[in-house]
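Reader: I'd like to learn how to read a few features of a protein model. Could you walk me through some?
Author: Gladly, let's look together.

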Amino acid sequence: MALFNEAVMKVRETELPGIGHKAEMITRNNEKLANITHDDGRREMYHFQEDDHEETISGILLNDEEARQIAAILGGMVYKPKALETVEVAIDELVIEWFKIERNAPAVQRTIGDLDVRQNYQVTVIVIVRKC
């Protein structure tokens with residue numbers, strides 16, 4: 001079991017032998033969320049009453065694909081609010097940064113392979129968002 005405090009949220013993690021992994025989070029607003037990740041990829045998510053962290057308000061069951069899509073949305077991979085364009089996302093030792101490429105930048109109309117980004121800059125591009 002791991003317990004750590006973040007400036008934003010308290011998280012408690014527990015291994016569930018034969019089932020998977022549980023993470024319980026208490027937000028700055030004292031709202032509790034719990035996520036159980038089953039060994040088969042299913043996720044159970046629960047939201048608890050603000051004044052009673054033992055009483056569930058709602059729950060949802062997601063398959064692996066649904067959970068990953070929601071994680072991408074929550075993590076800002078799909079849409080990043082304008083106010084957060086300069087914010088970095090840090091997950092353990094992984095840091096995700098957003099960069100906006102101007103229309104006349106040398107990288108425009110070139111592939112990641114052409115630019116040799118990993119070799120030249122020691123970074124990995126994980127997504128490219130283009131306006132259509």
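Reader: Which backbone oxygen lies 3.0 Å from a polar atom of the side chain of histidine 53?
Author: First, a word on the model. It is predicted, so local features need pLDDT of at least 70 and side-chain atom pairs 80 or more, while totals for chains, interfaces and linings use all residues. Residues are numbered from 1 along each chain as its sequence is written, and side-chain values use heavy atoms, leaving out hydrogens and water. A polar contact is a pair of N or O atoms within 3.5 Å; within protein, one must be able to donate a hydrogen and the other to accept it, and residues adjacent in sequence count only if both atoms are side-chain atoms. Here the oxygen belongs to asparagine 30.

Reader: Is histidine 53 buried or exposed?
Author: Buried means under 20% relative accessible area, exposed over 50%, and partly exposed in between (1.4 Å probe, protein chains only). Histidine 53 has 17%, so it counts as buried.

Reader: How many salt bridges does a search of the whole structure find?
Author: A salt bridge is a side-chain nitrogen of Lys or Arg within 4 Å of a carboxyl oxygen of Asp or Glu. The search finds six. Glutamate 24 pairs with lysine 22 at 3.9 Å, N to O, and with lysine 32 at 3.2 Å. Glutamate 24 is buried at 12%, as is lysine 32 at 9%, whereas lysine 22 is partly exposed at 23%.

Reader: What is the N to O distance between arginine 68 and aspartate 64?
Author: Their salt bridge spans 2.9 Å. Arginine 68 is exposed, with 53%, and aspartate 64 is partly exposed, with 30%.
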